[in-house]
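Please view the structure before reading on.

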Amino acid sequence: MSDAVVMPLARAEPVTRERRERAWDVLRGVNDPEVPVISVVDLGIVRELTVEDGELVVAVTPTYSGCPATEVIEESIVAALDTAGLGPTRIRMQRAPAWTSDWISAAGRAKLHAYGIAPPGPVDRQAAVPLRFVARAPAPLACPRCASTNTERIAAFGATACKALWRCRACGEPFEHFKPI
Amino acid sequence: MPASITVSSHPSVQYLLRIGDTCLIHAQRLAEWSGHAPIVEEDIALTNMALDLIGQARAVLTRAGSLEAELGGEAHDEDQLAFLRDERDFRNCTVVELPRGDFAVTMLRNCALAIFLKLLWERLAASSDGELAAIAGKAVKEARYHQEHASGWVVRLGDGTAESAARSKAALELLWPYFAEIFDDDAIDDAAAASGLGPRWSALAEEWRAELGAVLAAAKLEPPAERAFRSTGKTGVHSEHLGYVLAEMQTLQRTYPGGVW
């Protein structure tokens, strides 16, 4: 292989790396439209940033099959990167491995909690195998407002696909729980 | 009115349509509860489940349409497959197109379907088709959650008041004959099993009976006797109900072709 081929690549690499690093910074400012305190990076749905033929390719994994926010999230990501001058940008839908709430960052969990949403605990992989036919009483959850664990689940489904509805018996406030899946 | 499309009769495409259409029509019936459920939490739950199922249907139909092109035919997108096929070209199991009935019918059907779909997605996660395997890896988690929710209701209603128990029993009598179709194999299943695309659906029957049987036992409901009746939705010959479902579901796209919002 001649130097003529190697050299441009060697020069291109730092540029590519810098573009990717700047893109990660931009994406840390793109929030989920339905939980607008947590970024797409904290949520763990941006899996990878690559540069292919000059295009910045963002690999995104959906949280739920039917999440209605998916398209909005993709548009927000492309718009933010283009505005920052990092385009052209393309989204690559990456279904496997399936997203799990375990991918939400520690910072993301703290932001959810501060927003009044109880963050998901670790996914109980054992529980998912022999499924019980009567819903088990979910493990007690700390109220994001008063920290009491005297709480109960009101509904298994909430205002968005990713949340369930709970209430705190101590402070009387309802709150949402980001479901561990 | 835009002309209806014709879909590939290749067994792999047909196998995918059976999955996608079962999810889609099931979702359409569940969505009918929006604004009508007995309590607001269930209104939200039923429509959330419909949303998961529509997401699954979109993904599987998209894969079916791209596979058509890979097999040398014309590609179709998810919207064309959902909105521009005629009744005879839908491949859903008949049970999902039956009217939503009362809450007992809806919950029993949800429970039976969620168990079936969970067992199916578990196996499809190892499909020879990478895209289908990826869809299944996500969908199985959703189906588990649906199963747990619906099972809890079947038990509460079956083992509840005299009224809820009577309605649960009636729901079981109504739906039971339609479940048999799900597990009847044909050449499409043979081809899927041979290519590694997915399991024969009969292979899920035993586990399905055991899991549903446990729920029914807890609900103090007796599984009815097997009957000779067989519905035939998977081969495109549907009950009188699907036409009405499609009329409502397809009218916008048929009236305003290509309309988007």
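How many residues of chain B are in contact with chain A? The model is predicted, and in it 31 residues of chain B are in contact with 29 residues of chain A.

## Interface area

Between them, chain B and chain A bury about 2,400 Å². Carbon and sulfur atoms account for 61% of that area. On the chain B side, the residues that lose the most area to chain A are Lys138(B), Tyr145(B) and Glu148(B). Together these residues make up 28% of what the chain B side buries.

## Polar and charged pairs

Two salt bridges are counted between chain B and chain A. In one salt bridge, the side chain of Glu131(B) meets that of Arg95(A), with an N to O distance of 3.2 Å. The count of residue pairs in polar contact between chain B and chain A is eight, with both residues at pLDDT 80 or more.

## Elements on the chain B side

Which helices of chain B each supply at least two residues of the side that touches chain A? They are helix 2 (40–70), helix 5 (130–158) and helix 8 (205–218). Helix 5 of chain B gives the largest share, 17 residues.

Sorted by class, the side of chain B that touches chain A has 13 nonpolar residues, nine polar residues and nine charged residues.

Ile19(B) lies in helix 1 of chain B, which covers residues 11–31. Is Ile19(B) buried or exposed? Its relative accessibility is 1%, so Ile19(B) counts as buried, the cut-off for buried being under 20%.

Leaving out residues up to four places away in sequence, Ile19(B) touches Val60(B), Leu120(B), Trp121(B), Leu124(B) and Trp201(B). As for a distance across chain B, the C-alpha atoms of Ile19(B) and Ala218(B) are separated by 29 Å, and these residues are 199 residues apart along the chain.

In chain A, Thr50(A) is placed in strand 1, residues 46–52. The relative accessible area of Thr50(A) is 18%. Because this value falls under the 20% cut-off, Thr50(A) is buried.

What joins the side chains of Thr50(A) and Glu52(A)? A polar contact of 3.3 Å does. With residues up to four places away in sequence not counted, Thr50(A) touches Arg20(A), Glu55(A), Leu56(A) and Val57(A).

Notes. Residues numbered from 1 in each chain as written. Chains lettered and ligands numbered in written order. Predicted model: local features only at pLDDT ≥ 70, side-chain atom pairs only at ≥ 80, totals over all residues. Heavy atoms only, no water. Contact = heavy atoms within 4.5 Å. Buried area = accessible area lost by both parts, 1.4 Å probe. Salt bridge = Lys/Arg side-chain N within 4 Å of Asp/Glu carboxyl O. Polar contact = N/O pair within 3.5 Å; in protein donor to acceptor, adjacent residues only side chain to side chain. Helix = DSSP H or I, 4+ residues; strand = E, 2+ residues; numbered from the N terminus. Nonpolar A, V, L, I, M, F, W, Y, C, P; charged D, E, K, R; others polar. Buried < 20%, exposed > 50% of the residue type's maximum accessible area, 1.4 Å probe, protein only.
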